[in-house]
Amino acid sequence: LGSITNTMNFLRVKNMQRKAAENVVKRYISDMKLSLQLGTRIMTAVRRAGKFQKQRLHGSELAPLKSLPVAIKKQLYEEVFSPIIEQHPLFGQLRARDANLHRAICHIIKEESLASGEE
């Protein structure tokens with residue numbers, strides 16, 4: 001009977017940790033004002049991966065985001081960094097003319113922010 005109680009407590013704690021991690025990812029999605037479509041894709045991929053760890057609200061610290069498929073990561077970077085870089089008129093025009101180049105620049109910005117420890 002004691003082992004059943006211990007197992008139930010263990011499962012309860014794991015479930016609480018999983019829900020807390022999901023809430024952190026949801027908060028990140030909300031804080032970054034990501035589209036509903038991308039937010040749904042991220043949460044689906046994160047749940048499938050099932051890799052929740054202690055997390056912070058920076059994308060580079062969110063372990064579940066690291067396991068996202070590349071296509072979703074690229075869209076994430078674009079939605080996060082586009083509002084920042086498009087404050088300069090050149091990047092707004094660039095997006096209209098060459099979406100792939102714009103997306104690549106967002107990815108480079110993400111890589112540079114990780115290398116410098118910013119986000």
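At 40% relative accessibility, Asp-31 counts as partly exposed. Its partner in this predicted model is Arg-27, and the two side chains meet in a salt bridge with an N to O distance of 3.5 Å. Arg-27 is also partly exposed, with a relative accessible area of 48%; both residues fall in this class because their values lie between the 20% limit for buried and the 50% limit for exposed.

How far apart are Arg-27 and Asp-31 in helix 1? They are four residues apart, so about one helical turn separates them.

## Salt bridges between helices

In total, the structure holds four salt bridges. In one of them, Glu-78 pairs with Arg-103, with the closest N and O atoms 2.9 Å apart. Glu-78 belongs to helix 4 and Arg-103 to helix 6 (residues 99–116), so this pair ties together parts that are 25 residues apart in sequence. Is Glu-78 buried or exposed? Glu-78 is buried, with a relative accessible area of 7%, while Arg-103 is partly exposed at 28%.

Another bridge joins the side chains of Glu-22 and Arg-47, at 3.3 Å from N to O. Glu-22 is buried, with a relative accessible area of 8%, whereas Arg-47 is partly exposed at 43% relative accessibility.

Which residues are linked with Glu-22 in a network of salt bridges? They are Arg-18 and Arg-47, which together with Glu-22 make up the network. As background, side chains of opposite charge can pair when their charged atoms come close.

## The nonpolar core

Now for the nonpolar side of the model. The largest nonpolar core has 18 residues, and those with the most contacts inside it are Leu-34, Ile-42, Leu-65, Leu-68 and Leu-76. Helix 1 (2–31), helix 2 (36–49) and helix 4 (70–85) each supply at least two of the core residues. Which helix gives the most to this core? That is helix 4, with six residues.

Leu-68 is a handy place to start when you look at this region. Leaving aside neighbours within four places in sequence, Leu-68 is in contact with Ile-42, Ala-45, Val-46, Lys-73 and Leu-76. Two of these partners, Ile-42 and Leu-76, are listed with Leu-68 among the residues that have the most contacts inside the core.

Note on methods: Residues are numbered from 1 along each chain as its sequence is written. This is a predicted model: local features need pLDDT of at least 70, side-chain atom pairs count only at pLDDT 80 or more; totals for chains, interfaces and linings use all residues. Side-chain values use heavy atoms; hydrogens and water are left out. A nonpolar core is a set of buried Ala, Val, Leu, Ile, Met, Phe, Trp, Tyr and Cys residues joined through side-chain atoms within 4.5 Å. Buried means under 20% relative accessible area, exposed over 50%, partly exposed in between (1.4 Å probe, protein chains only). Contact means heavy atoms within 4.5 Å.
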